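Hi,

Here is the structure I said I'd send over. Have a look first, and my notes on the helix packing follow below.

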Amino acid sequence: MIQSPTLVFAAAGTALLLTLTACSSPGAGSKARPSAKEVMQAGFKGHDPALKGADTISGRIGAGTATEADLQRMVELTRDLALNKPPKGDLASWTEKTKALNAAARQLASHQPGAMDAWKAAVSCKACHSLHKPD
């Protein structure tokens, strides 16, 4: 059976369009990067004031009770935080602070000597919030 060139080109174009759409659209397994607010909620904001932050990943890190899963999650959260744009303030300052926080989280997760000191220096809430947290 001989097909017309128009039909062949139409079929090829449709196949190409479907392929490009499938490759460029997020799949069922992909997820959007969390916002800075979502990162703060997931890793740093406690739900029970009586626990004074120990019910957060960051609180457990500070208390020395974080699990391996907590440490890996903090690496992911701080990486995502660094990929966001600052809600307020200078991008260079945001980048410096968030990358330092992520580096400290990676040091903790790989159990490097001095990692807790790096974490405590990088996790200063006021240093970041005074410049970048929206009013």
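**Helix packing**

Helix 4 and helix 5 are roughly antiparallel to each other, a label for angles over 145 degrees, because their axes cross at roughly 160 degrees, coming within 8 Å. Axes are lines fitted to C-alpha atoms over the stretch in contact, with angles from 0 to 180 degrees between N-to-C directions.

Before you read on: this is a predicted model, where local features need pLDDT of at least 70 and side-chain atom pairs count only at pLDDT 80 or more, while totals for chains, interfaces and linings use all residues. Numbering starts from 1 along each chain as its sequence is written, and side-chain values use heavy atoms, leaving out hydrogens and water.

The crossing of helix 4 and helix 5 is left-handed (the near helix is turned anticlockwise from the far one by less than a right angle). Residues in contact (heavy atoms within 4.5 Å) include Leu71, Met74 and Val75 of helix 4 and Trp94, Leu101 and Ala105 of helix 5. By type, that contact has 10 nonpolar, four polar and four charged residues.

Helix 5 also meets helix 7 (residues 125-132), with axes within 11 Å and crossing at roughly 155 degrees. That makes this pair roughly antiparallel as well, and the crossing is left-handed. Ser93, Trp94 and Lys97 of helix 5 touch Ala127, Cys128, Leu131 and His132 of helix 7.

Cheers

Note on methods:
Helix = DSSP H or I, 4+ residues; strand = E, 2+ residues; numbered from the N terminus. Parallel < 35°, antiparallel > 145°, perpendicular 65-115°, else oblique. Nonpolar A, V, L, I, M, F, W, Y, C, P; charged D, E, K, R; others polar.
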